[in-house]
Amino acid sequence: MLILIAGPYRSGTGDDPAKMAENLKRLEEPSYALFRAGHVPVIGEWVALPVWHAAGGASIGDDLYEEIFHPVAGRLLALCDAVLRLPGDSKGADNDVRIARERGIPVYYNLEDVPGCSEAQVA
């Protein structure tokens, strides 16, 4: 399955790039376990960041940021088979879950619940 990993990226960071990088690292943590289970993990920021930079994005939250970041997740969800929602407050991730549910896409809240990702396999 193509699985969107959703969780906090910008939320709670005060737009501090170091804190945002920490959040991205947390989003990436389950990616190898998903890959080992035969899935393809994807994170919206992996797509949105280079698009934003190529478009000339200069500061977090600028008009280009708003134009690109949330729509990228919506477009990815048109291709995804599931969502893994990580803990933490995030309007964007909550919106991803809402879109997934509207489209009938499964949403998992624990890595171990994703098919092929039992506790023994993700350890």
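## A walk through the helices, pockets and loops

Let us start with a helix pair: α1 (residues 17–28) and α3 (residues 44–55) pack at an angle of about 140°, and their axes are 10 Å apart. This is a predicted model, in which local features need pLDDT of at least 70 and side-chain atom pairs count only at pLDDT 80 or more, while totals for chains, interfaces and linings use all residues. Residues are numbered from 1 along each chain as its sequence is written, and side-chain values use heavy atoms, with hydrogens and water left out. Helices (H or I, at least four residues) and strands (E, at least two) are DSSP runs, numbered from the N terminus.

Two packed helices are described by the angle between their axes and the distance between the axes. Here the axes are lines fitted to C-alpha atoms, for helices over the stretch in contact, and angles run from 0 to 180 degrees between N-to-C directions. Angles under 35 degrees count as roughly parallel, over 145 as roughly antiparallel, 65 to 115 as roughly perpendicular and the rest as oblique. The helices α1 and α3 are therefore oblique to each other. On the α1 side, L24, L27 and E28 meet E45, W46 and L49 of α3, where contact means heavy atoms within 4.5 Å. By class, this contact of α1 with α3 has four nonpolar, no polar and two charged residues. For these classes, Ala, Val, Leu, Ile, Met, Phe, Trp, Tyr, Cys and Pro count as nonpolar, Asp, Glu, Lys and Arg as charged, and the others, Gly among them, as polar.

Next come the pockets. Rolling a probe the size of a water molecule over the atoms shows where empty space is left. On a 1 Å grid over the protein atoms alone, using a 1.4 Å probe, a pocket is an open set of points with protein on both sides within 12 Å along at least five of seven lines, and lining residues have an atom within 4 Å of a point. Grid points are joined across faces, edges and corners, and a volume is the space filled by probe spheres set on the points.

The largest pocket has a volume of about 330 Å³. Its lining holds 21 residues, of which Y9, E45, H70, S90 and G92 lie nearest the centre. At least two lining residues come from each of β1 (2–6), α3, α4 (63–77) and α5 (91–102), and α4 gives the largest share, five residues. By class, the lining of the largest pocket has 10 nonpolar, six polar and five charged residues.

The second largest pocket holds about 180 Å³ of space. Lining this second pocket are P8, N23, R26, L27, E29, P30, L84, L86, P87 and L111. Helix α1 supplies the largest share of this lining, three residues. Seven nonpolar, one polar and two charged residues make up the lining of the second largest pocket.

Now for some single residues. V72 sits in helix α4, and with a relative accessible area of 13% V72 is buried; buried means under 20% relative accessible area, exposed over 50%, and partly exposed in between (1.4 Å probe, protein chains only). Leaving aside neighbours within four places in sequence, V72 is in contact with G44, V47 and A48. V72 and V51 are 21 residues apart in sequence, and their C-alpha atoms are 9.3 Å apart in space.

The loop between β1 and α1 holds D15, which counts as partly exposed at 29% relative accessibility. Although D15 is not a glycine, D15 has a positive phi of about 65°. Not counting residues up to four places away in sequence, D15 touches R10, M20 and I60.

D81 is in the loop between α4 and β3 (82–85) and is partly exposed, with a relative accessible area of 39%. Not counting residues up to four places away in sequence, D81 touches M1, L2, I105 and P106. Finally, E112 is found in the loop between β4 (107–108) and α6 (119–122), and at 37% relative accessibility E112 counts as partly exposed. E112 and L34 are 78 residues apart in sequence and 9.8 Å apart in space, C-alpha to C-alpha.
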